[in-house]
Amino acid sequence: MIAELDDRNLGHSGEQEDDGVESTAPVWAVFGDLMAGLVGAFVLVLIGVLLVQMDLVSSLQSEVAKRQQEEQRRMALEKALAIPLQSGRVTLNDGRIGISGSVLFALNSAELRPEGRQLLQSLVPPLQVYLGERDEMLMVSGFTDDRPIQQGNLRFADNLELSAQRALTVTRALISEGMPQQRVFSAAFGAEQPVASNAEEQGRALNRRVEMAPVPRAAPTPSTAALGPNARP
């Protein structure tokens, strides 16, 4: 009788132990899955941070290389124009060569002064070398102050037309002095993009100017490239 009771007690105790093992096992399984998920999430976050850092480093390196290239271009242009810059009649700012309008033209006129032509003549050789080494073009831009064209001046309808004619006059003068025609083109801005206030004469004089800036040559379209360099549109 006692033996039977002991067997029953042992059997009951074994069942309780089995129940404890069965109830404990899922807890550890859930904990393991949770830890695996947390580790996976941490790895994904870490990868994302590394990718962002790599993008930032790449962007920074690209910006540094771009600024170094711009500085090298500026120094090369400064070296090429050393003699004209020393004369004080030419300025260089952010790669733009500036010439006062009074050096080139009389007020409200697009006829080139003799001293202006001599200045342009001195600019052609160094600019031609600079543009040829980099395969770039020269954009000649005309600017005016904001005062209306004087009454009685029938040659120009407004400041935009005056700036256009001045830019074209300088462009043609450069070509006549030896600048290849395919290396230079003109643009007009009128009274737009002033560099000083138009409220005073000193500022207006600064705004009446011609600028020349080297610019990259436009890449040919696939259709033009297929036709060859002598193709006509």
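The model is a predicted one, with local features needing pLDDT of at least 70 and side-chain atom pairs counting only at pLDDT 80 or more, while totals for chains, interfaces and linings use all residues. Residues are numbered from 1 along each chain as its sequence is written, and side-chain values use heavy atoms, with hydrogens and water left out.

The protein chain holds seven helices and five strands, taken as DSSP runs numbered from the N terminus (helices are H or I, at least four residues; strands are E, at least two). Going along the sequence, the order reads α-α-β-β-α-α-β-α-β-α-β-α. Of the 233 residues in the protein chain, 27% are buried. Here buried is under 20% relative accessible area, exposed is over 50%, and partly exposed is in between (1.4 Å probe, protein chains only).

Next comes the surface. Val-39, Phe-42, Val-43, Leu-44, Leu-46, Ile-47, Leu-50, Leu-51 and Met-54 make up a nonpolar surface patch of about 870 Å². Patches are built from residues with over 30% relative accessible area and no salt bridge, joining nonpolar side chains (Val, Leu, Ile, Met, Phe, Trp, Tyr) within 5 Å and like charges within 9 Å. The areas themselves come from the Shrake-Rupley method with a 1.4 Å probe, and for residues only the protein chains shown count as cover. One of the patch residues, Leu-46, sits in helix α1 (residues 2-80) and counts as partly exposed because its relative accessibility is 41%.

As for charge pairing, nine salt bridges turn up across the whole structure, a salt bridge being a side-chain nitrogen of Lys or Arg within 4 Å of a carboxyl oxygen of Asp or Glu. Asp-135 and Arg-217 form one of them, with their closest N and O atoms 3.1 Å apart. This pair ties together distant parts of the chain, 82 residues apart: Asp-135 is in the loop between α4 (114-134) and β3 (136-143), and Arg-217 is in the loop between β5 (209-216) and α7 (222-227). Asp-135 is partly exposed at 41% relative accessible area, and Arg-217 is partly exposed too, at 33%.

Arg-204 and Glu-201 also pair up, at 3.2 Å between the closest N and O atoms. They are three residues apart in helix α6 (residues 201-207), so about one helical turn separates them. Arg-204 is buried at 7% relative accessibility, whereas Glu-201 is partly exposed at 41%. Both belong to a salt-bridge network that also takes in Asp-145 and Arg-208.

Glu-211 bridges to Arg-209, with the closest N and O atoms 3.0 Å apart. Glu-211 is buried at 12% relative accessibility, and Arg-209 is buried at 8%.

That last pair leads on to the largest pocket. The largest pocket has about 260 Å³ of space, and among its 14 lining residues Thr-91, Gly-98, Leu-206, Arg-209 and Glu-211 are the closest to its centre. On a 1 Å grid over the protein atoms alone, a pocket is an open set of points where a 1.4 Å probe fits, with protein on both sides within 12 Å along at least five of seven lines; lining residues have an atom within 4 Å of a point. Grid points are joined across faces, edges and corners, and the volume is the space filled by probe spheres set on them. β1 (90-93), β2 (96-100), α6 and β5 each give the lining at least two residues, with the largest share, four residues, coming from β2. By type, the lining splits into five nonpolar, five polar and four charged residues. Ala, Val, Leu, Ile, Met, Phe, Trp, Tyr, Cys and Pro count as nonpolar, Asp, Glu, Lys and Arg as charged, and the others, Gly among them, as polar.
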